[in-house]
Amino acid sequence: VWVTTKLWDSDHGYEAAMSACQQSLKKLGLGYIDLYLIHSPNTGKLVETWDAFLELQEKGLVKSIGVSNFGVQHLEALKASGRPLPVVNQIEMHPLIYQERRSVIEYCEA
């Protein structure tokens with residue numbers, strides 16, 4: 001079994017993200033999460049939240065960390081901070097929005 005869960009927007013920030021992960025682990029009855037994603041960049045605090053994810057990974061509470069619904073500008077903000085980049089950027093993709101998302105696809109493929 002592979003478990004993926006997401007950090008909700010209201011839990012952005014270092015302390016809130018650390019606490020939310022602990023709550024998710026407790027609710028799931030698990031010792032670790034296989035993939036933990038930041039649900040969206042909407043509420044900001046991207047670097048602080050990403051720092052919490054890196055710490056959770058270092059502590060072994062999550063195996064892989066990533067993001068969801070991030071655009072190029074959000075990924076660039078993480079890159080500019082000098083932090084390791086996400087292993088996943090989960091986005092909605094289908095023919096009706098391909099052109100809208102093309103830039104983020106090309107960025108992630110590079």
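Trainee: How many residues does helix 2 have, and how far does helix 2 reach from its first C-alpha to its last?

Mentor: Keep in mind that this is a predicted model. To read a helix, you compare its span with what is expected at 1.5 Å a residue. Helix 2, residues 46–58, has 13 residues and reaches 18 Å, close to the 18 Å expected.

Trainee: Okay, and what comes after helix 2?

Mentor: Gly-60 follows, and its phi is positive, near 80°.

Trainee: Which residues of helix 2 are buried?

Mentor: Here, buried means under 20% relative accessible area. In helix 2 that goes for Leu-46, Thr-49, Trp-50, Ala-52, Phe-53, Leu-54 and Leu-56.

Trainee: And what do those buried residues pack against?

Mentor: Look for contacts, meaning heavy atoms within 4.5 Å. The buried residues of helix 2 pack against strand 1 (4–7), strand 2 (33–38) and strand 3 (62–68), plus helix 1 (14–28) and helix 3 (72–80).

Trainee: Zooming out, in what order do the elements of the chain run?

Mentor: Start at the N terminus and you get β-α-β-α-β-α-β-α. That pattern holds four helices and four strands.

Trainee: Why is the chain called as compact as a globular protein of its length?

Mentor: Check the radius of gyration against the globule rule. The chain has 14 Å, close to the 13 Å that the rule gives for 110 residues, so it is as compact as a globular protein of that length. The C-alpha trace spans about 40 × 30 × 25 Å along its principal axes.

Trainee: What share of the chain is buried?

Mentor: Buried residues make up 41% of the 110 residues.

Methods:
Residues are numbered from 1 along each chain as its sequence is written. This is a predicted model: local features need pLDDT of at least 70, side-chain atom pairs count only at pLDDT 80 or more; totals for chains, interfaces and linings use all residues. Side-chain values use heavy atoms; hydrogens and water are left out. Helices (H or I, at least four residues) and strands (E, at least two) are DSSP runs, numbered from the N terminus. The radius of gyration is taken over C-alpha atoms; the globule rule is 2.2 Å times the number of residues to the power 0.38. Buried means under 20% relative accessible area, exposed over 50%, partly exposed in between (1.4 Å probe, protein chains only). The expected span of a helix is 1.5 Å times one less than its number of residues.
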